[in-house]
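Hi everyone, thanks for coming.

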Amino acid sequence: MNRVVAVIRQPFVLDLRALALLRVALAAVVVVDLAIRATDLEAHYSNMGVLPLHVLYEHNWNPYEFSFHTSSGLWQVQAVLFLLAAAAAVAMLLGYRTRLVTIISWVLLVSVQNRNPLIGQGGDDLLRMLLFWGIFLPLGRVYSLDSRRQPPPTSLTTCSAATVAYIVQLALLYWCTALLKSGAEWTQTGTALYYALSLDQMLLPVGRLLYPYPELMRGLTFATYYTELLLPFALFIPWRVAWWRGLFIGVLVFFHLGISLTLFVGLFFLINWASLPGLLPPAAMDWLEQKLVPHAQRLGTRFGQWRTGWRWKAPTWRSPVRVHLAAHIEHAPQSVTLLRAVRNTVVGVLLVYICWWNFDTVTSKRWAMPERMQWLGYLFRIDQHWGMFAPAVFKDDGWYILEGTTTTGRKIDLNRDGAPLTYAKPPSVVSLFPNDRWRKYSENYLFVSNAFMRPYYCNYLLRIWGENPKHPRLKQLEVIYMKEVSLPDYKTTKPSREVLCGCAP
């Protein structure tokens with residue numbers, strides 16, 4: 001029985017050093033995400049922007065959700081919250097009070113995501129869940145400021161309900177993504193990538209190079225589908241675990257690199273990359289440690305010498321490789337053992353809940369989670385849906401024209417910095433978006449169910465245009481979408497002009 005248990009638990013054993021790299025990667029992505037979001041503090045998070053608080057509460061609010069960012073409609077308050085989130089993320093990166101700052105980072109990430117759900121994407125769900133499971137993982141046991149105050153670990157590996165949850169979460173991401181792709185273009189005709197690359201609002205230069213080759217795109221479509229469907233099984237094979245994990249990591253690194261080069265997906269690929277370091281096997285970590293730790297020690301010494309006047313002591317990186325590996329578990333007080341048991345039980349229950357939530361999205365309503373139980377998912381934002389380009393790729397493509405009419409009667413396009421109005425397709429549609437948050441917002445702006453968004457965006461554009469004294473004064477602004485439906489076999493349609501909203505000063 002002990003041998004059977006040892007075999008079963010083998011896929012869920014993680015290296016403490018790999019978890020430290022996971023911590024650093026997640027913290028770095030949070031900082032980058034905050035930096036990008038911070039460029040639109042007023043537009044996306046204040047009452048002067050595109051989603052005032054009263055509109056959020058009326059149309060996009062779940063009573064079980066929470067958000068500190070809804071405490072005020074002032075962008076200055078949002079800036080303070082962003083700074084707090086950045087400080088927590090930096091502390092997490094350094095491994096200072098790791099569990100506490102991981103909780104703070106997760107809470108503030110949930111808070112900012114709840115403040116404006118109209119700019120969210122699938123990567124946000126993954127980042128949120130990785131931080132959530134990170135609360136229960138020993139992310140700061142080694143390679144951290146916290147580790148300087150603790151004795152060296154007797155073992156470099158760990159296995160718990162949290163490590164199971166982390167691995168199962170990654171598998172659920174790809175399994176559900178594949179199972180939700182039920183359209184014929186994914187499973188039969190293989191035209192999904194063709195339609196995806198037909199979307200000028202997402203197309204990048206490498207994607208433009210692939211687009212003329214239908215058979216290549218067909219092969220890549222099936223490769224994408226079966227990679228998402230079959231690759232996660234590699235995480236649960238209890239033999240040659242290091243080899244299978246290496247395969248999983250290697251395939252996904254190139255998989256998401258390909259996505260990032262062909263389609264404009266924002267931080268989606270970076271977040272997926274950041275999810276992988278925790279899977280690195282001990283042999284890989286031994287090699288990395290031998291290569292990187294000496295450099296870190298020298299860098300720390302030089303930094304300490306530079307800071308001598310501040311009476312600052314350079315950190316000594318404790319190399320876990322040099323500690324004695326023990327087969328036994330450290331003796332712990334009874335209260336600590338009880339706490340671990342409670343934590344493992346809580347994580348186990350939450351993992352079952354999340355599996356049910358995901359199962360709910362890919363099965364019949366007969367097995368759906370009752371609404372009376374969904375409050376827990378919304379409260380802790382462990383709700384998730386991995387429907388990227390599912391069940392099929394959307395076909396309504398196009399580009400925006402912000403048609404302004406000046407007081408002198410001239411027609412200009414605010415989307416092109418006031419250039420003379422033209423309805424011709426721009427050379428690069430994707431370049432019209434400052435970042436992926438705006439691209440996602442413009443995508444949601446099209447839906448009839450989101451018609452409430454339209455006047456607020458229109459009036460926001462009018463206001464910020466008028467704040468620049470160099471801009472000509474406007475008497476009318478129309479938000480126009482030049483709709484161009486994607487057709488099979490490289491056929492094209494004449495773009496149709498759709499006026500989504502009009503407003504005046």
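The largest cavity in this predicted model has a volume of about 50 Å³. In total, the count comes to 3 cavities of 30 Å³ or more. What lines the largest cavity? Its lining consists of V30, L34, A85, S105, L108, L109 and V112. Two elements give two or more residues each to that lining, namely α2 (16–38) and α6 (98–115), and α6 gives the most, with 4 residues. By class, we have 6 nonpolar residues, 1 polar and no charged ones.

Now to the rings. Searching the whole structure turns up 30 aromatic pairs. Take W106 and F132: their ring centres are 5.5 Å apart with the planes at 50 degrees, so this pair is tilted. W106 belongs to helix α6 and F132 to helix α7 (residues 122–134), so the pair ties together parts that are 26 residues apart in sequence. Both W106 and F132 are buried.

Y445 and Y457 make an edge-to-face pair, at 5.1 Å centre to centre and 75 degrees between the planes. Here Y445 sits in helix α18 (residues 436–445) and Y457 in helix α19 (residues 454–466), so parts 12 residues apart in sequence are tied together. Are these two buried or exposed? Y445 is buried at 0% relative accessibility, and Y457 is buried at 12%. They also belong to a cluster linked by ring pairs, together with Y400, W438, Y441, Y460 and Y481.

Finally, charges over rings. K181 lies over the face of W186, 4.9 Å from the ring centre, and K395 lies over the face of Y195, at 4.6 Å from the ring centre.

Terms used. Residues are numbered from 1 along each chain as its sequence is written. This is a predicted model: local features need pLDDT of at least 70, side-chain atom pairs count only at pLDDT 80 or more; totals for chains, interfaces and linings use all residues. Side-chain values use heavy atoms; hydrogens and water are left out. On a 1 Å grid over the protein atoms alone, a cavity is a set of points where a 1.4 Å probe fits but cannot get out, and a pocket is an open set with protein on both sides within 12 Å along at least five of seven lines; lining residues have an atom within 4 Å of a point. Grid points are joined across faces, edges and corners, and a volume is the space filled by probe spheres set on the points. Ala, Val, Leu, Ile, Met, Phe, Trp, Tyr, Cys and Pro count as nonpolar, Asp, Glu, Lys and Arg as charged, and the others, Gly among them, as polar. Rings of Phe, Tyr and Trp (its six-membered ring) pair if their centres lie within 6.5 Å; planes under 30 degrees apart count as stacked, over 60 as edge-to-face and the rest as tilted. Buried means under 20% relative accessible area, exposed over 50%, partly exposed in between (1.4 Å probe, protein chains only). A charge sits over a ring if NZ of Lys or CZ of Arg is within 6 Å of the ring centre and within 35 degrees of the ring normal.
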